[in-house]
Amino acid sequence: MTPPVTMTEPINNRTAQPERLTENLERPTLDDRSYRVIRLANHLEALLIHDPETDKVSGALDVNVGSFSDAEDMPGIAHAVEHLLFMGTEKYPKENAYNQYLTSHSGHSNAYTAATSTNYYFEVGASSKTSTSDATSASSPQDLTALKAESPLYGALDRFAQFFVAPLFLEETLDRELKAVDSENKKNLQNDTWRLHQLNKSLSNPEHPYNHFSTGSYKTLHDEPLARGVKIRDEFMKFYHTHYSANRMKLVVLGRESLDDLESWVEELFSAVPNKNLSRLRWDDVAPYTEKELGMQIFAKPVFEMRNLELDFLYQDEEELYESQPGRYFSHLIGHEGPGSILAYIKAKGWANGLSAGAQPLCPGSAIFVVKVKLTEEGLKHYKEVTKTIFQYIAMMRESPPQEWIVDEMKRMSEVDFKYKQKSPASRTTSSLSGIMQRPYPRELLLSGPSLIRKFNAEAINKAATYLRPDNFRLTLISQDFPGDWDQKEKWYGTEYKYEKIPEDFLAEINNVVASPASDRPAELHLPHKNEFIPNRLEVEKKEVEEPLKTPKLIRNDENVRTWFKKDDRFWVPKASVLITLRSPLVSLTPLNTVVSHLYRELVYDALVEYSYDAEISGLNYSVAAHAPGLDVSVSGYNDKMAVLLEKVLISMRDLEVSEDRFNIIKERLARSFRNWEYQQPYHQVGVFSRWLTTEKGWINEQLLAELHNVTAADVRAFFPQLLAQVHIELLAHGNIYKEDALKLTDMVESILKPKILPSSQWPIRRSLLLPPGCNFVYERNLRDPANVNHCIEYMLYIGDPLNRQRKAKLLLMAQMADEPAFDQLRTKEQLGYVVFSGPTISNMWAGYRILIQSEKSPEYLEGRIDAFLTQFGQMLHDMKDEDFEGHKRSIINKRLEKLKNLSQETNRFWNHVLSECYDFESADHDVEHLTPLTKQDVVEFFNQFISPTSPTRAKLAVHMLAQSSPAAEQDEQVVKLVSELLTANKVAVKDDDLQKHFEAVEKPAKQDDLVAALSSYLGELKLEADVVTKVVEQGKAALAAALTETESQKEVVEADGETHVKLGNGTTPVVIHDVHAWKAGLEVSKGARPVQDLSDFEEIEAKL
Ligand SMILES: [Zn+2]
């Protein structure tokens, strides 16, 4: 019944379409874009953004349908449609036409499916030229045609629009994309975020779509519907035709072109999207939790070692309350970490490490309010007390009327944040705005609506408070140890849990604390004090400069200190960053030192939580981090009160008191995080081993964990004063900050820490390991998680020193050209796995090319597929047309020249160059200089030397992460069992271990012949009589054939493999690294990291008198 949103009258009376809704959007002070909201005749609404300066342009479309609309018997269908939509259109039938177009214009695309929306977006370079000449607005029809032909935005929009006009859902792509969905789901299976979220969903009201499983799998989208006789492709198309309608679509286009040009393009390309006048999806009459689900408690067993307490309250949809946003009042107070807060109280008791709270809208019509507490070991024992504390605080809040001064503080911060909001990347802007357009904001408030709190509305706050009641929540306790008697398994992810009513006596205690007078509550619980960190001084002195400076200046450079400084000259926000490295060889000298440094850093954080929380919610953050060259300290945010925070952090570091209690809690937490690390996604782990193997020094998780057990609080107390006593200070001050301030802050660091000089002869030198030409190394690790099914490979080819600029340029260009083909072949066509990356890898003094795949297929098999792909790519490169070659060159140059979007991007760029110790601030320009003259022949030669599998001089290192629970291992197990049964039936005595070895040796995925050969060889060793052998082999053949058909998907690949199998042409066999120390000792090391130019070139030092 909801009509399409029209909060605003048209601003003109043109009879011609489209209808213009508004151009007058409330915006940040610094926003130099222009905006227009239009509605086409088919009721598709679009926000056009003209940004004459942008180097990236983008389009995004949000459709108001998502997994909440999945058919009961086909969970995941909305998600599958999102995947399939990209597979060809009537106008551009080639399945990868869209992605090919995007990559050749420095672009990319993505999409996601949420509960009530599906969001599609892309980004491309603004111009098809390398120059940054601005597009001008066209006036004559000829100009218009020329403008379109030259605009990557038009080309991309044209291809993009067709997905919503006439998609083909190409039959031959269907199976592959469903496998991609399946692989996406398998990637999530061992991930607690997904597992616990689904558990909450699965235990919600079955009548509410929140109950659904949203990702889908091959089983739910393919096997099961097919078994029911459903024509699945028809079903996907039916879903699309039922739910996709122009009036449910919100489009955002961001380009350099004028609003009029953008408007005419959108009208031209999107008017053909059919309009079915569908209503906006809402769920008003059904609640995610009913009486049946409320008052319950869930005990769940996680994969990670974690201990969380979660209270979920049934809450209200606040979409229409955007002016006052009452939910934020409660998330501010319940989630507060300062003095008087729930967290401060339960942390002091030794029960908790963290707490968060907030309203979570589920869909129009439904929301929940969630309070999450990270418990300590003691906290787990006292989870009931923690729960009661939360209710005591809620009772205290409800006793006093809503506090206007608190809302004023929140209003003030929301205004400051919005006023000085900086640009985010083009596609993030369009994607997020297209989602926001689905909500009922007046169109003038599309930019500001979600950010700004505009009103104090006591009545709305009082009403919201009524949801936070003991009879309106349920409790979830997540722990690997407690209670231990989980008796159920969640259907989709297999999470073990127990589900029961909250015991009467516990509920009575909760009701009791809520009803008790204030005098019965702990005096420690009270509302927060006035926040002293809200910034007042927000002036920015804007000086016009011809050209922003590309490097910071060195304003102090002596034995003690290097201070880098740049006053912001392009973003004009009242923000700054001060980043400090306290250089010391001690921090990472041994795994023990590294662990103690980690503990120290965690203890500093722990000591500062209550103090720094006000700063944090006022947009001022700090961090302390231990890394190879030393200890890093930084503060960033609104510069007004930055010095105050930095001073406090430094003093806390210097004067830290390490109590045994806190030490034990922090140590236990760190040990847990080390152990949990090994239960992460394999592709998150693999990089750590790759870096460890390519750098001279460095430690991995298991080495740190081994030391952690023996560390005591006394070790930390002894270590940090020694560390701080002798360091070299290197500091970068960047942003809305003056030179004098930067020097004063430097003095402050020196005067608080008072370190002795650390002579440069003692500074750590960072070196990488050199891989010799022709090498072929493999390093294998077994993954810890027994339930994880995915292997992972990171396949790296060593190129050399990243400061060899010419070679680096060739690497960048080659990687750019191989990017889309690698994804298309390895992910889309072969469906090896959901996670497929390729690209240059440059760290420290090591440059290489890598392909990473996470897959159920074995790493050996993946190696073969990568080699086959590289061979195929070699041919593509050879056959590449000149215009395509130039297109790729332009694309990578544009990427390197990509404009900085905000101040922190620039800060990070400077700081990374400082931390690398190469000070290569202008590396992007150097890359472009060396990219420009490259010819195709240059790249072919580079490829033949460093990349081609037939090159005798390429240097290869692959890290294999092996899953325990892999289909290959399962197959071995299955085959061994089968053969063992067979032999026993034939009265042959079997040793399963021996048998196992024979079959493990067979290359995976196994072919029937190889298995039969392994069986024969085993029988041969047993010296049986010939007729027994023949008989067993014959029976074995039939049995193995049956076993192999059960692993159907693998068999297909075996067949496909038969056609494209490529032998490694360079004659190397992999050398497995067993002893990393010995292996490293056998390699030469690179030159150390060092400045690319004399640092005195950057000096701007005033003579001291
Ligand atoms: Zn997906």
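This report describes selected local features of a predicted model.

## Annotated spans

The record lists residues 233-412 under "domain: Peptidase M16 C-terminal".

Helix α10 covers residues 326-334. Seven of its nine residues are buried, so the helix is largely enclosed by the rest of the structure. The buried residues of α10 are Pro-326, Gly-327, Tyr-329, Phe-330, His-332, Leu-333 and Ile-334.

Helix α14 (residues 404-419) crosses α10 at roughly 100 degrees, and the two axes come within 11 Å. An angle from 65 to 115 degrees counts as roughly perpendicular, and α10 and α14 are therefore roughly perpendicular to each other. On the α10 side the contact involves Arg-328, Tyr-329, His-332 and Leu-333; on the α14 side it involves Ile-406, Val-407, Met-410 and Ser-414. By class, the contact of α10 with α14 consists of five nonpolar, two polar and one charged residues. Tyr-329, His-332 and Leu-333 are listed in this contact and are also listed as buried.

## Packing of α18 and α22

Helix α18 spans residues 591-617 and helix α22 spans residues 701-708. Their axes are 8 Å apart and the packing angle is about 75 degrees. The pair α18 and α22 is therefore roughly perpendicular. From α18, the contact takes in Pro-591, Leu-592, Thr-594, Val-595 and Leu-599. From α22, it takes in Gln-703, Leu-704, Glu-707 and Leu-708. The residues of the contact of α18 with α22 divide into six nonpolar, two polar and one charged.

His-83 is in helix α1. With a relative accessibility of 8%, below the 20% limit, His-83 counts as buried. Leaving aside neighbours within four places in sequence, His-83 is in contact with Glu-177, Ala-180, Val-181, Glu-184, Arg-827 and Tyr-834. The C-alpha atom of His-83 is separated by 9.5 Å from that of Phe-169, although the two residues are 86 residues apart along the chain.

Glu-90 sits in the loop between α1 (77-84) and α2 (97-103). Glu-90 has a relative accessible area of 58% and is exposed. Not counting residues up to four places away in sequence, Glu-90 touches Ala-166 and Leu-168. Between Glu-90 and Leu-168 there are 6.3 Å from C-alpha to C-alpha, for a sequence separation of 78 residues.

## Cysteines

A search of the whole structure finds zero disulfides. Cys-792 is in no disulfide, and the nearest cysteine sulfur, that of Cys-775, is 20 Å away. The cut-off for a disulfide is a sulfur pair within 2.5 Å.

Cys-792 is buried, at 0% relative accessibility. Cys-363 is buried as well, with a relative accessible area of 5%.

## Backbone features in loops

The peptide bond from Phe-482 to Pro-483 is cis, and its omega is near 0 degrees. Pro-483 is found in the loop between β12 (473-478) and β13 (488-489).

Two residues other than glycine have a positive phi: Asn-844, near 50 degrees, and Glu-917, near 65 degrees. Asn-844 lies in the loop between β24 (835-843) and β25 (846-855) and is partly exposed, with a relative accessible area of 32%. Glu-917 lies in the loop between α28 (903-915) and α29 (923-931). At 10% relative accessibility, Glu-917 counts as buried.

Technical notes
Residues are numbered from 1 along each chain as its sequence is written. This is a predicted model: local features need pLDDT of at least 70, side-chain atom pairs count only at pLDDT 80 or more; totals for chains, interfaces and linings use all residues. Side-chain values use heavy atoms; hydrogens and water are left out. Buried means under 20% relative accessible area, exposed over 50%, partly exposed in between (1.4 Å probe, protein chains only). Helices (H or I, at least four residues) and strands (E, at least two) are DSSP runs, numbered from the N terminus. Axes are lines fitted to C-alpha atoms, for helices over the stretch in contact, and angles run from 0 to 180 degrees between N-to-C directions. Angles under 35 degrees count as roughly parallel, over 145 as roughly antiparallel, 65 to 115 as roughly perpendicular and the rest as oblique. Contact means heavy atoms within 4.5 Å. Ala, Val, Leu, Ile, Met, Phe, Trp, Tyr, Cys and Pro count as nonpolar, Asp, Glu, Lys and Arg as charged, and the others, Gly among them, as polar. UniProt positions are given in the numbering used here, feature names are shortened, and annotations may be inferred rather than shown by experiment.
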